[in-house]
Amino acid sequence: APAPARAPRRTAVAAPYADELEVGQAFEAPGLTLDTGLQALHRAICGDRLPLALDAPLAEQVTGGPGPLAHPALVCDVVIGQSTVPSGRVLGNLFYRGLAVAPVRLGTTLRTRTEIVAIAPTSAPGRAKVTLRATTTDEAGRPVASYLRCPLLPARGPVQAAGEVPDAPLAVVAPDWDLGAHPQGEPLVAGDVFEVEARETVSAAPELARATLNLAMTHTDAQAGAHGRRLVYGGHAIGIALAHACRALPGLVTVLAWRSCDHLGPVFEGDRLASTVEVEAVDGSLVDLRVRVAADRDDDPADVLDWRPVVLHAA
């Protein structure tokens with residue numbers, strides 16, 4: 001016999017509040033295949049002078065494999081965007097810790113699992129810090145990225161502290177590539193500082209958020225953002241910071257990890273971002289950078305980003 005027809009129902013499709021989350025919950029996002037169209041869109045929005053993501057023959061010569069590299073900022077934007085299923089109501093992302101990212105090529109499909117590992121109420125009522133652990137693999141199940149991030153979420157009811165923020169150890173391994181085939185930069189020493197004169201105007205922010213599966217309402221809905229304005233996705237500012245670092249360091253091959261990334265203040269569309277790149281440590285071809293970004297805006301100039309990537313450098 002046919003199943004009885006059910007009555008129509010109305011269902012709210014909405015992101016969770018902090019008090020609706022529990023430690024141990026896990027969320028899956030749709031997989032996303034990195035292709036040339038997505039890479040071109042990312043380049044148009046953030047800027048890109050990373051040779052291995054631009055020049056396929058050079059990428060093949062340096063890496064020994066076919067095709068160009070997927071831009072590491074694009075990879076990070078996607079894996080972060082895929083982690084936003086539980087954080088669609090985010091008021092701001094407080095930090096990233098211990099992000100390691102394996103170099104991948106265009107054509108790779110990224111799949112991300114996000115787990116709630118800690119919840120802590122803030123001193124301000126109606127808010128909580130929620131620490132997430134995101135793990136990304138490719139289509140064959142090989143690890144691509146792992147990291148912790150901490151969105152600040154609103155709460156409608158009491159929030160009970162649960163879980164602990166774990167350590168985020170970071171093991172960085174240089175790939176076995178022919179760095180001699182890459183354009184060479186000047187040898188670097190700790191303490192080198194590069195001030196990039198050219199500023200970048202932030203534009204097309206909602207488009208980047210949508211393209212990378214980012215569900216945070218604050219990036220697409222002005223009423224959900226700070227001060228009645230849409231917040232620019234943090235990865236957008238990081239992508240511009242990396243484009244500035246590539247101008248400063250022609251020998252920059254790729255980004256292998258983030259030791260930390262702190263968003264110091266909001267970024268809004270139309271802001272003009274300026275970057276200062278400092279070399280913190282050099283270990284052969286592995287270089288620790290500190291990239292600080294300031295937003296030049298008429299009404300409220302401010303420091304907005306303090307990012308510490310580990311990069312592969314040819315010199």
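**Entry 1**

I started with R113, which comes out partly exposed at 39% relative accessibility (buried is under 20% relative accessible area, exposed is over 50%, and partly exposed is in between, with a 1.4 Å probe and protein chains only). Before going on, I noted that this is a predicted model, where local features need pLDDT of at least 70, side-chain atom pairs count only at pLDDT 80 or more, and totals for chains, interfaces and linings use all residues. Residues are numbered from 1 along each chain as its sequence is written, and side-chain values use heavy atoms, with hydrogens and water left out.

Which residue does R113 form a salt bridge with? I found E115, with the closest N and O atoms 3.8 Å apart. For a salt bridge, I need a side-chain nitrogen of Lys or Arg within 4 Å of a carboxyl oxygen of Asp or Glu. E115 is also partly exposed, at 25% relative accessibility.

**Entry 2: the other salt bridges**

I searched the whole structure and got 15 salt bridges. One that I looked up is E280 with R308, at 3.2 Å from N to O. E280 sits in strand β11 (residues 272-283) and R308 in strand β13 (residues 302-313), so this pair ties together parts 28 residues apart in sequence. I take helices (H or I, at least four residues) and strands (E, at least two) as DSSP runs, numbered from the N terminus. Relative accessible area is 33% for E280, which makes that residue partly exposed. R308 is partly exposed as well, with 22%.

R308 has a salt bridge to D306 too, at 3.8 Å from N to O. Is D306 buried or exposed? I have D306 down as buried, at 8% relative accessibility. Through shared partners, salt bridges join E280, R290, D306 and R308 into one network.

**Entry 3: the largest pocket**

Next I checked for open space. The largest pocket holds about 490 Å³. My pocket rule works on a 1 Å grid over the protein atoms alone: a pocket is an open set of points where a 1.4 Å probe fits, with protein on both sides within 12 Å along at least five of seven lines, and lining residues have an atom within 4 Å of a point. Grid points are joined across faces, edges and corners, and the volume is the space filled by probe spheres set on the points.

How many residues line the largest pocket? I get 27, with L91, G92, N93, L231 and H263 nearest its centre. β3 (92-101), β6 (143-154) and α6 (234-248) each supply at least two lining residues, and β3 gives the most, with four. By class, the lining has 15 nonpolar, 10 polar and two charged residues. Ala, Val, Leu, Ile, Met, Phe, Trp, Tyr, Cys and Pro count as nonpolar, Asp, Glu, Lys and Arg as charged, and the others, Gly among them, as polar.

**Entry 4: T131**

I then looked up T131, in strand β5 (residues 127-137). T131 is buried, with a relative accessible area of 2%. Leaving aside neighbours within four places in sequence, its contacts (heavy atoms within 4.5 Å) include E115, I116, V117 and V165.

**Entry 5: cysteines**

How many disulfides are there? I count zero, taking a disulfide as a pair of cysteine sulfur atoms within 2.5 Å. For C246, the closest cysteine sulfur is in C46, 12 Å away and too far for a bond. C246 is buried, at 7% relative accessible area. C261 is in no disulfide either, as the nearest cysteine sulfur, that of C76, is 9.6 Å away. C261 counts as buried, at 0% relative accessibility.
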